[in-house]
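User: I'd like to learn how to read packing and charge pairs in a model. Could you walk me through one?

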Amino acid sequence: MTEGDPTDEISDIEARIEALAEIAERCRKYILASKIAIGGGAVLLLVTILGVFGFGQTAALGSIALMLGGIVSLGSNVSTLRQTESAIGAAEALRSQLISRIDLRVVADAPMKLV
């Protein structure tokens, strides 16, 4: 490889894209868990208010805390996911730019040999 060959840099960028993709997937899982927590807290609060199962004030406070925690976690992970997706897009654009600088050669059509 020559000094101006961007293949090592392309490999580094691809490794970074993979790492960012893992972060994005983890954020999606936390977002789903946050939505479940918000929904579960809302259901528990409704059940507590209606007095269906005789839960007390502790359950009502717990359901409110669950909903608030879910909302905070959801907002944080949505923000992180957006930033991560933006970083992935920038890295992919840089990778495409580096690939376009490589002097690619066309392989001539040659008959295939069967062994």
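User: Leaving out residues up to four places away in sequence, which residues does Ile-17 touch?

Analyst: Happy to start there, keeping in mind that this is a predicted model. Ile-17 touches Ile-88, Ala-91, Glu-92 and Arg-95.

User: Which residues make up the largest nonpolar core?

Analyst: The general idea is that in soluble globular proteins, nonpolar side chains tend to be buried together. Here, the largest nonpolar core has seven residues: Ile-10, Ile-13, Ile-17, Leu-20, Ile-88, Ala-91 and Leu-98. Both α1 and α2 give two or more residues to this core, and the largest share, four residues, comes from α1.

User: Now the charges: how many salt bridges are found in the whole structure?

Analyst: In general, look for a side-chain nitrogen of Lys or Arg within 4 Å of a carboxyl oxygen of Asp or Glu. The search finds two salt bridges. Arg-28 pairs with Glu-25 at 3.7 Å, N to O; both lie in helix α1, three residues apart. Arg-28 also forms a salt bridge with Glu-85, where the closest N and O atoms are 3.1 Å apart. Arg-28 lies in helix α1 and Glu-85 in helix α2, so this pair ties together parts that are 57 residues apart in sequence.

User: Is Arg-28 buried, partly exposed or exposed?

Analyst: Buried means under 20% relative accessible area and exposed over 50%, so Arg-28, at 37%, counts as partly exposed.

Key. Residues numbered from 1 in each chain as written. Predicted model: local features only at pLDDT ≥ 70, side-chain atom pairs only at ≥ 80, totals over all residues. Heavy atoms only, no water. Core = buried A, V, L, I, M, F, W, Y, C linked by side-chain atoms within 4.5 Å. Buried < 20%, exposed > 50% of the residue type's maximum accessible area, 1.4 Å probe, protein only. Contact = heavy atoms within 4.5 Å.
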